[in-house]
Amino acid sequence: MIIIPRIAAAVLTLAAIALPCAAQNYPEKAIRFISPYPPGGTTDLLTRVIGQKLSESFGQPVVVENRAGAGGNVGSEIAARAPGDGYTLLMAPVSPLAINVSLYGKKLPFNPERDFIPIMLVAKSPLVIATHPSVPARTLKELIAIARAHPGKMTYGSSGSGSSNHLTGELFKALAKIDIIHVPYKGGGPASVALISGETDVALLQIPSLLPGYRGGRIRALAISGTARSPAIPEVPYAGEAGLKGLESTSWYAIVAPSKTPRPIVDKLHAALTKIMASPDIRERLTAEGAILENLTPDELQVFIRSEVVKWAQAVKFSGAKVD
C-alpha cells in the first residue's frame, strides 16, 4: 500500500528536477512571437526589434507572426491557446490585456489573467491627436471649434475597436464635447496610412506610428494625451497645455506567454529581455521612436495589469465607448 505514494513522490521529484533542466536547455528550436496587430504600427515595431535581438541572444530563430483582428483579440486568443512550453510569446498591448475585459465582457474569447503568464513590461507610449493637412486647424482648440461647428461630419481613425486609441478618442470626444465619427482600422499602421491619404480627418496614433508621416509633413500633430511632452516630438504640447485637461492616456506593451509556461523559462526570458532593453542601441532606437522604456518583473507586471483592468474599466464607463 505504500508503493503508490513512493511512486508519486518520485514523479514529483523528477518533475522538480526536469523544470530547471528544461530552462537550462531552452530554447532548442524557433520561437513564435505573435503581434496581434498588422505591420506598420507600434506593436509590430516592438515585436520585430525585440524579436531580432532575442534571436541573437538565444541563437535560435524568432519568427514574428502578425495575427490581427478584433482589437487584438484574434492574435491574443491564438497565443492563449498555444502550448505552454516557452515557444509561443505574445507582444500584448494594453487593449487585449486590460481594456477588452470591460469592453467585450463575456464575449472576450480568453481570460487575460487566467490564460497568460506575464514576462516583462517593455514600453509605454502616449497617444497623439493628429490631423490631415487639409483640416484647417493648427491647434487643438481650433480643431475642437471646427468639430463643434460641424457635428457628426468629421471622422477619426484608430487602431481598432477597443484599442487604447479608440477609447482615448471617445474620451477626447466627451471632454471636448464634440461629435466626430469613429473609423476603426486593424492597427496603427493602417490608421496612419488612412490619415495620410485623407481617408480620415483626425486620428489617435502612438508616436512610432505617427512619426513617418509627421516628419514627412503629411500629418499635423496637435497634442499628446499625457502630462508631459515627448522627447521624440518636443514641439508638440500635451493636451493640458493645449487647453484640454483630463486627456491623460498612455498605451503600454507587455510580453506574455501561455499560462502553463514553466516559471524557470519565464525567468530566463525576463533575464534575456532585461539585457536587451538595457542595450544602448535598443534604448536609443526605441526612445527616438517615442517609446518610454520600462522593466517590470513578472510579479510586478501581474499587479500592474490588474490595476490597469480596474483603471480602464472606469475609462470605458466614463467615455461610453462601445465595440463597433
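**Figure 1. Contacts across the whole chain.** Of the contacts in the protein chain with a separation of 6 or more, 79% join residues 24 or more positions apart; a contact here means heavy atoms within 4.5 Å. This is a predicted model, where local features need pLDDT of at least 70, side-chain atom pairs count only at pLDDT 80 or more, and totals for chains, interfaces and linings use all residues. Residues are numbered from 1 along each chain as its sequence is written, and side-chain values use heavy atoms, with hydrogens and water left out. The chain has 12 helices and 10 strands, counted as DSSP runs (helices H or I, at least four residues; strands E, at least two) and numbered from the N terminus. Its C-alpha trace spans about 85 × 40 × 30 Å along the principal axes. Buried residues make up 54% of the 324, where buried means under 20% relative accessible area, exposed over 50% and partly exposed in between (1.4 Å probe, protein chains only).

**Figure 2. The largest cavity.** Searching the whole structure turns up two cavities of 30 Å³ or more. On a 1 Å grid over the protein atoms alone, a cavity is a set of points where a 1.4 Å probe fits but cannot get out, while a pocket is an open set with protein on both sides within 12 Å along at least five of seven lines; lining residues have an atom within 4 Å of a point. The largest cavity has a volume of about 130 Å³, meaning the space filled by probe spheres set on the points, with grid points joined across faces, edges and corners. Its lining takes 19 residues, and Tyr37, Thr43, Ser159, Gln206 and Tyr253 lie nearest the centre. Helix α2 (42-58) is among the elements that supply at least two lining residues, along with α4 (94-104), α7 (164-176) and β9 (250-258). The largest share, three residues, comes from α2. By type, the lining has five nonpolar, 13 polar and one charged; Ala, Val, Leu, Ile, Met, Phe, Trp, Tyr, Cys and Pro count as nonpolar, Asp, Glu, Lys and Arg as charged, and the others, Gly among them, as polar.

**Figure 3. The second largest cavity.** This one holds about 30 Å³ of space. Around it sit Leu97, Pro112, Phe116, Pro118, Val256, Gln302 and Ile305. Two or more of these lining residues come from each of β4 (116-131) and α12 (298-319). Six of the lining residues are nonpolar, one is polar and none is charged.

**Figure 4. The largest pocket.** Here you are looking at about 230 Å³ of space. It is lined by 14 residues, with Pro126, Ala228, Arg229, Ser230 and Ile292 closest to the centre. The lining splits into six nonpolar, six polar and two charged.

**Figure 5. Glu170 in its helix.** Glu170 belongs to α7. With a relative accessible area of 11%, Glu170 is buried. Not counting residues up to four places away in sequence, Glu170 touches Tyr156, His182, Ser319 and Ala321.

**Figure 6. Arg138 in its loop.** Look for Arg138 in the loop between β4 and α6 (140-149). Arg138 counts as exposed because its relative accessibility is 63%. Leaving aside neighbours within four places in sequence, Arg138 is in contact with Arg220 and Leu222. Arg138 and Arg220 are 82 residues apart along the chain, with 7.9 Å between their C-alpha atoms.
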